[in-house]
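Please open the model in your viewer and keep the selection panel at hand.

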Amino acid sequence: MMKYIYIFLLLFSGIGRLHAQPEMDQKRLAEFQKLTQQRVNDLQLYISLIADKSLSIEQREQAVELAVSLFEKDYMVNGKRRTPYVQVSRRNGTISSVPVRIYFKNLMNVKFDKVEITYYDAAVVSEFEKGTDGNYHATATYYQQFKGMDKKGNLIYGSRDRKDIRVTAQSAAVYAQAGKEDLKIFFGDITVRDTVPIPGF
Amino acid sequence: MATSMTNLWLFTLLVPLSELHAQVAAPRADTIKINVRKGLSESYMNGQIKHVSDFINRFNASTSDNAGGMRMFELFNEDDQRLSVSGRIHDAYGYKVNLFIQTVTEKHTKMPKRGPVTAKIGLKVGYNGTLDTLTVHLRKDYTADSAAYWHVTRVIAPAQLPEEKLNTRKSHSAENKVELPPNAHEVSFVPLLRGLDDYQSLAPFTPCLECRDAAWRKVENALQSGRMTAEAVVSNKIYLAAGDWEIELSEFIREKENSGWLISDLIEKNAVMK
């Protein structure tokens, strides 16, 4: 008898929590725009750490892992493994694409004695819009200035880039099951557009 | 027995509480507070219209009050040769710009956030070692559950692209089994580009069967065979409706305040009928 009472109570105790996922209201989506800015700040910090040659290799590799952890996980399409990538468009017309991990590794191994990266104060995040996958999508845009110098501090290469990052706010399954809709921010592909080479280079 | 029942009820009450967690939106524990060097604050960075939603906000703000004419003019590409360098607008386009500004500011025209939007993009494609441009027309649609997506309405195949025999088995798979990939946002149309690369097919982005004409099938066959690869988005125009006008937006990435998404052309709808 007790066994049936246990089963009955366990089966029906959660029924009140079963309902459709609610639409995210505009106020909540605006909060996620701010959260995205925080995540972009984190990414900017990790990029600075990756490029900082005064740090140890271990610290910089850790920064690569932290940067990669901000991005969407790899996924399978048509039996092929896909990963977020960085598309770089240069003013001379060349366009190249590399996976984000490779992009960060390349940044770690740039052949400059000193690298200086400067950012614009805050990323501009577009409004979130719901996609056909049920997730919400936006774009975060910021400017980055890159300077590569020799041992004496002479500028060897410099450019100013505009970066557009695809942002996905995914429904966190554990909360959705509990009827408490909430989202988690992940980055996707990045478009890097070389806006101006620093004069002389 | 009474004690067991009390325990059972207490246990039952605790079950829903097991899923109480901190909100995901809370700051992450791995957020390190180190000052990243920030210093760039040129005016163009604030002035630049970085996203289409930003353009719509500025358009609506400039039609909200009577002093919006000048602010509206700032939404046009100031380097357009059709707008006089001496400050005097003298040709047909200039007249149209003046008429547009006058009309939308007087009528306080508002542009809806989820109104009709179309786009025309140029894709750099590789085919058998040569590079060419594939023009794709797109329309933004919304599903019943408010999700947005861009879908292909028409393609203009590169002139040099030959006919290929269709691989019917692969085509069937692409048309019927692949769901529409999420491609709601339009910055550089990177999700669309990525989708073409991932699926080697236009089919997931072309739900309307009447859009699949001869040119579409020609491109589809080339993508499916792997002979054609989409490499980059090289041109990008978006068309928005504003009252009786259609606005063409182009992206101007340059280091000045008048940059980003700006009006590059105007089309007066129903001009003859009025």
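What follows is a walk through a predicted model, beginning with a pair of helices and ending at a sheet.

Begin by selecting residues 57-69 and 100-108 of chain A, which are helices H3 and H4 of that chain, and look at how they pack, with their axes 10 Å apart and at an angle of about 155 degrees. Since angles over 145 degrees count as roughly antiparallel, H3(A) and H4(A) are therefore described as roughly antiparallel to each other, and H3(A) passes H4(A) in a right-handed crossing. Now show the side chains of the contact, to which H3(A) contributes A:Ile57, A:Arg60, A:Glu61, A:Val64, A:Glu65, A:Ala67 and A:Val68, while H4(A) contributes A:Arg101, A:Phe104, A:Lys105 and A:Met108. Coloured by class, this contact shows 6 nonpolar and 5 charged residues, with no polar ones.

Next, turn to chain B and select its open sheet, in which 6 strands with antiparallel pairing follow the order S4-S3-S2-S5-S6-S7. S4 (148-156) and S7 (260-268) of chain B stand at the edges, each with a single partner strand, so one side of each has no neighbour in the sheet. From one strand to the next, the twist averages 30 degrees.

Zoom in on S3 (residues 130-142) of chain B, which pairs with S4(B) in the antiparallel sense over 8 bridges, and find B:Arg139, which stands opposite B:His151 in S4(B).

H3 (residues 52-62) of chain B lies across S5, S6 and S7 of chain B, running at about 15 degrees to S5(B).

Methods:
Residues are numbered from 1 along each chain as its sequence is written. Chains are lettered from A and ligands numbered from 1 in the order in which they are written. This is a predicted model: local features need pLDDT of at least 70, side-chain atom pairs count only at pLDDT 80 or more; totals for chains, interfaces and linings use all residues. Side-chain values use heavy atoms; hydrogens and water are left out. Axes are lines fitted to C-alpha atoms, for helices over the stretch in contact, and angles run from 0 to 180 degrees between N-to-C directions. Helices (H or I, at least four residues) and strands (E, at least two) are DSSP runs, numbered from the N terminus. Angles under 35 degrees count as roughly parallel, over 145 as roughly antiparallel, 65 to 115 as roughly perpendicular and the rest as oblique. A crossing is left-handed if the near helix is turned anticlockwise from the far one by less than a right angle, and right-handed if clockwise. Contact means heavy atoms within 4.5 Å. Ala, Val, Leu, Ile, Met, Phe, Trp, Tyr, Cys and Pro count as nonpolar, Asp, Glu, Lys and Arg as charged, and the others, Gly among them, as polar. Two strands pair if DSSP finds at least two bridges between them.
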